[in-house]
Amino acid sequence: MLVWRYGVLAAVIAAVINAIIWLIARALGVSFRVQPPGQTESTVNLLRVILITLVPILLGVGVYVLLHRLTRRPFLVFLIIALVVFVLSLLPPLSAADETGTQVALILMHIVATLAVLAGVYRFEQQRTRL
């Protein structure tokens, strides 16, 4: 299905951008140390950044595919869900990281991932309406 092609492309592009953000932030001295409530401290490494970018975007595309089958306006419903998930996804970086640089970099990565999944699904919608 064409939507998966756009979704995978969006996920890969977002993972590359987030990897670049991570590399630049590390070069600037950002520690990426996080400690979610009730857990031990850990460091967000590059592999974790890539995986935590790819998997949620692909899950989001899966949600869109379901919405496409179940609703009349799948993009609008998906947009609302994506924005709610985005706002909720900002809570862990703010609560788990004490360092401002880590918080800013992680939030920026969340923005990249959200924009990527929305762009991929939107691009699919544009192609679908042309066919």
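Helices H2 and H5 cross in a right-handed sense (a crossing is right-handed if the near helix is turned clockwise from the far one by less than a right angle, left-handed if anticlockwise). Helices here are DSSP runs of H or I with at least four residues, numbered from the N terminus. The model is predicted: local features need pLDDT of at least 70, side-chain atom pairs count only at pLDDT 80 or more, and totals for chains, interfaces and linings use all residues. Residues are numbered from 1 along each chain as its sequence is written, and side-chain values use heavy atoms, without hydrogens and water.

The axes of H2 and H5 lie 10 Å apart, at an angle of about 35 degrees. Axes are lines fitted to C-alpha atoms over the stretch in contact, and angles run from 0 to 180 degrees between N-to-C directions. From H2, Val 49, Ile 57, Val 61, Tyr 64 and His 68 take part. They meet H5 residues including Met 109, Val 117, Phe 124 and Arg 128. Contact means heavy atoms within 4.5 Å. By class, this contact holds 10 nonpolar, 1 polar and 2 charged residues. Nonpolar covers Ala, Val, Leu, Ile, Met, Phe, Trp, Tyr, Cys and Pro; charged covers Asp, Glu, Lys and Arg; the others, Gly among them, are polar.

The largest nonpolar core has 32 residues. Such a core is a set of buried Ala, Val, Leu, Ile, Met, Phe, Trp, Tyr and Cys residues joined through side-chain atoms within 4.5 Å. Phe 32, Ile 57, Phe 78 and Met 109 touch the most other members. Helices H1 (2-27), H2 (46-70), H3 (74-89) and H5 (100-130) each give two or more residues. H5 gives the most, with 10.

Phe 78 also belongs to an aromatic pair. The structure holds 4 such pairs (ring centres of Phe, Tyr or Trp, its six-membered ring, within 6.5 Å; planes under 30 degrees apart are stacked, over 60 edge-to-face, the rest tilted). Tyr 64 and Phe 78 are edge-to-face, at 5.7 Å centre to centre and 80 degrees between the planes. Tyr 64 lies in H2 and Phe 78 in H3, so the pair ties together parts 14 residues apart in sequence. Tyr 64 is buried, at 1% relative accessible area, and Phe 78 is buried at 3%. Buried means under 20%, exposed over 50%, partly exposed in between, with a 1.4 Å probe and protein chains only. Ring pairs link Tyr 64, Phe 78 and Phe 124 into a cluster.
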